[in-house]
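Let's take a friendly walk through the inside of a protein model.

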Amino acid sequence: MTITTDQPRHAAELRAAARHIARRHFLTLTGAAAALAFAVDLPGAGVASAAELDARRIDDDPFTLGVASGDPLPGSVVLWTRLAPVPYQPDGGLPPERVTVDWELAHDERFTRIARRGTATAHPEFHHTVHVEIDQLDADRVYYYRFRTGTWISGTGRTRTAPSATGETGSLTFAAVSCQAYADGYYTPYRHLAEDDVDLVFHLGDYLYEYPVNSVGGYRNYTDRTLPALFNRETTTLEDYRLRYALFKTDPDLRAAHAAHPFVVTWDDHETENNYAAGTPENSVPPEEFLLRRAAAYRAYWENQPLRGPQRPTGSDMRLYRRLHWGRLAQFDVLDTRQYRSNQAYGDGSQIPGPEVDDPERTMTGATQERWLLDGWRDSTARWNVVPQQVTFSQRKFDLTSPSRVSMDAWDGYRASRRRVLDGAKAAGIENLMVLTGDVHVGYGFDIKDDFDDPASATLGTEIVATSIASGRDGIAKPANWDTYTRANPHLRFYDGRRGYVTVALGERQARADFKTVPYVTRPGAPVTTAASFVTEAGAPGLTQA
C-alpha cells in the first residue's frame, strides 16, 4: 500500500503549542492542559460558553457512531453517544454550539416500561459526545436505552447493572477483546460477539491505531467508497485522534457489539503512539511535544468511550486504573501499564535480559498503582480476582537457546515488578488469580508459575490472552514459531494465531475459557468457531483442556 502523510504540518502545530507554555510549566498537568487548549482553541472558562443549537435544525442522522454503555456498578451504568451527522468532517457536521439530548432507560426493548429518563448536553468542547451516569437503579438487572435529539432517535442499546456486593451470584460470562487495526481487516469477530451471550466485554487495549489509513481502507480494499485523505496521516493532534475514532466507530460490527453489551475499557500504546512509556515517546521528540500529543490522545479516548467522570483527563494525565465487582463472585482490577511505566530496557524489542530487567527501581505500573493493586487484593473477598491489563504477563521465551530473547515491552522486561505483584498475590492469599491480556495478536493460555524457569514450581494463577479483532490481518492456527514457543515455554498451554476473541465463564467451582476464532478478516463474512476450551478449577489454578 502507498501511504502519504502530512506530518510536517502537524509537528509544527505541536511545537508551536508547546512553545506557548514555558517548558518547566508545561511539564505539569496544568501546563499540558493549557497547551492543549491553546492548540485546539478550547475555551479556558469551561463548557458554558457555547450557544445552544436548535436540534430541529439537524437535517441528517446525528447518531452515525452508535451508542455504548460501560463500567456497570450494582446500581449504576454509564451511557455514551456522540452527535456527528457528518462523522468524517473535523466538526462532525455540527456548529460549535451545545445540543440538548434526551435519553431513556427501559426494562424492555420496546420501551413500554420506562425505568428512568432525562436530559444531557452534548458540548462542542467535548466534540458533542454525551456521557450519562445513571444511578439508583436495581442491581443485577438488564436495561435497554436510547437517545433522542430533534427529530432523530438513536438505535437501541442493551446494558446491565452488576449484582449487589452481598448478593449471591452464581455465574458470570464475559468476553475479552483487543487490537483492532482498521486498515488490517474487517471487524467480523465483533459481529459474532454482538450475537454471543455475555454479560460484559473487556477491551484490553489498542482500540485505536495511530497509523495512516489510505483511501481504500488498507487491507479492507474498499471498492464501494473512498475514504478522505485526512485519514492518511499519523494521528498527532486532537483533531486527528477524534477523526480516527469516528472512522473506527463507523464500522457496523463494532457498533453492534457496543450496542449489545456494556464494555469495560483500558488502553495500551496505539491509542497514543506505539510502545510509548509514560512520558517517553517511541521517537526522539522533545518531551513537551510528546506530552501535548499524549494529552490530545487521552482527551479523545475519554470523549469516545463509555467512561465515568473520574476518568476524565486533566492535561496529559488520566486515572484509568479502577476496580469493579461482580457480587462476591469476581473482583476486576483494571490496570494501566502504559502511563506510569519505566522506559523499556535495552532499547526495547526482543532482547536477552540483563540486570536492568531485575532492577527493583523499575516499574510496569508505577508505585501508586502497584500499591493500589496489592491493597485491593489484601481486602478482597471475591471468589475470583481478575486483572484486565495489556501486555503478556507470563514468561514468554522466543528461543530454545539459553539465555533466550524475551520482549522488553512485556512483563518479561520488568521482572522485578512482576515479582512484587506475584509476591503480593501470595501474601494476600489470592487462590484464584486470572490475568487478562491483549497486545500480541494471538491467543495464548498460560499457567502463571511462581518460578517460570522451574516447571515444577507452584502455579499461582492463569493468564488468558485474547487475540486481536483485526490487527495482523488473516492469521493461521499454528504460526511459524508455534513449535519453538510451545517447547521453550512449558507453562504455555494454548497458542493460536487467528483473529477472534475469548469468552470466560466464571462460576463458584471453575472458570471456562473458550477461544473463538475466524479464518480471515481481509474480506467480510467469516464464520466463527471455537478453537479450544480450557477450564481452571477454583482453588487449584492451572489450565486443563475441556
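In this predicted model, the largest nonpolar core is made up of 46 residues. Those with the most contacts inside this core are Tyr 182, Tyr 187, Tyr 190, Leu 193, Tyr 301 and Met 318. Several elements give two or more residues to the core: strands S9 (171–177) and S11 (263–265), together with helices H4 (188–195), H5 (238–249), H6 (252–260) and H7 (287–303). The largest share, 7 residues, comes from H7.

Pick out Leu 193 to see what such packing looks like. Leaving out residues up to four places away in sequence, Leu 193 touches Ala 175, Val 177, Val 198, Val 201, His 261 and Tyr 501. Apart from this core lies another one, of 30 residues, and among them are Phe 174, Ala 466, Val 504 and Leu 543.

Now look at His 192, which is found in helix H4. Its relative accessible area is 18%, and buried means under 20%, so His 192 counts as buried. Setting aside neighbours within four places in sequence, His 192 is in contact with Tyr 501, Val 518, Ala 526, Pro 527 and Val 528.

**A helix inside the structure**

Why is H6 described as largely enclosed by the rest of the structure? The reason is that 7 of its 9 residues are buried. The buried residues are Asp 253, Leu 254, Ala 256, Ala 257, His 258, Ala 259 and Ala 260. They pack against strands S1 (67–73), S6 (142–149), S8 (157–160) and S11, and also against helices H4 and H5. At the start of H6, Asp 251 brings a side-chain oxygen to within 2.9 Å of the backbone nitrogen of Asp 253.

Helix H5 holds Asp 240. With a relative accessibility of 3%, Asp 240 counts as buried. Its side chain reaches the backbone nitrogen of Thr 236 at 3.1 Å. Asp 240 and Leu 230 are 10 residues apart in sequence, and their C-alpha atoms are 8.1 Å apart in space.

**Rings that meet**

A pair of aromatic rings can be described by how far apart the centres are and by the angle of the planes. The count for this model comes to 28 aromatic pairs. Here are two of them:

| Ring pair | Distance of centres | Angle of planes | Kind of pair |
|---|---|---|---|
| Phe 126 and Trp 302 | 5.8 Å | 65° | edge-to-face |
| Tyr 187 and Tyr 190 | 5.9 Å | 80° | edge-to-face |

Where do the partners Phe 126 and Trp 302 lie? Phe 126 is in the loop between strand S4 (114–122) and strand S5 (129–134), while Trp 302 is in helix H7, so the pair ties together parts that are 176 residues apart in sequence. Phe 126 counts as buried at 10% relative accessibility, and Trp 302 counts as buried at 7%.

Tyr 187 and Tyr 190 are both buried as well. They also belong to a cluster linked by ring pairs, together with Tyr 182, Tyr 186, Tyr 222, Phe 248 and Phe 263.

**Charges over rings**

Rings can have charged neighbours too, so to finish, look at two places in the model. Arg 220 lies over the face of Tyr 182, at 3.7 Å from the ring centre. The charged end of Lys 249 sits over the ring of Trp 80, 4.4 Å from its centre.

Note on methods:
Residues numbered from 1 in each chain as written. Predicted model: local features only at pLDDT ≥ 70, side-chain atom pairs only at ≥ 80, totals over all residues. Heavy atoms only, no water. Core = buried A, V, L, I, M, F, W, Y, C linked by side-chain atoms within 4.5 Å. Buried < 20%, exposed > 50% of the residue type's maximum accessible area, 1.4 Å probe, protein only. Helix = DSSP H or I, 4+ residues; strand = E, 2+ residues; numbered from the N terminus. Contact = heavy atoms within 4.5 Å. Polar contact = N/O pair within 3.5 Å; in protein donor to acceptor, adjacent residues only side chain to side chain. Phe/Tyr/Trp six-rings, centres within 6.5 Å; stacked < 30°, edge-to-face > 60°. Lys NZ or Arg CZ within 6 Å of the ring centre and 35° of its normal.
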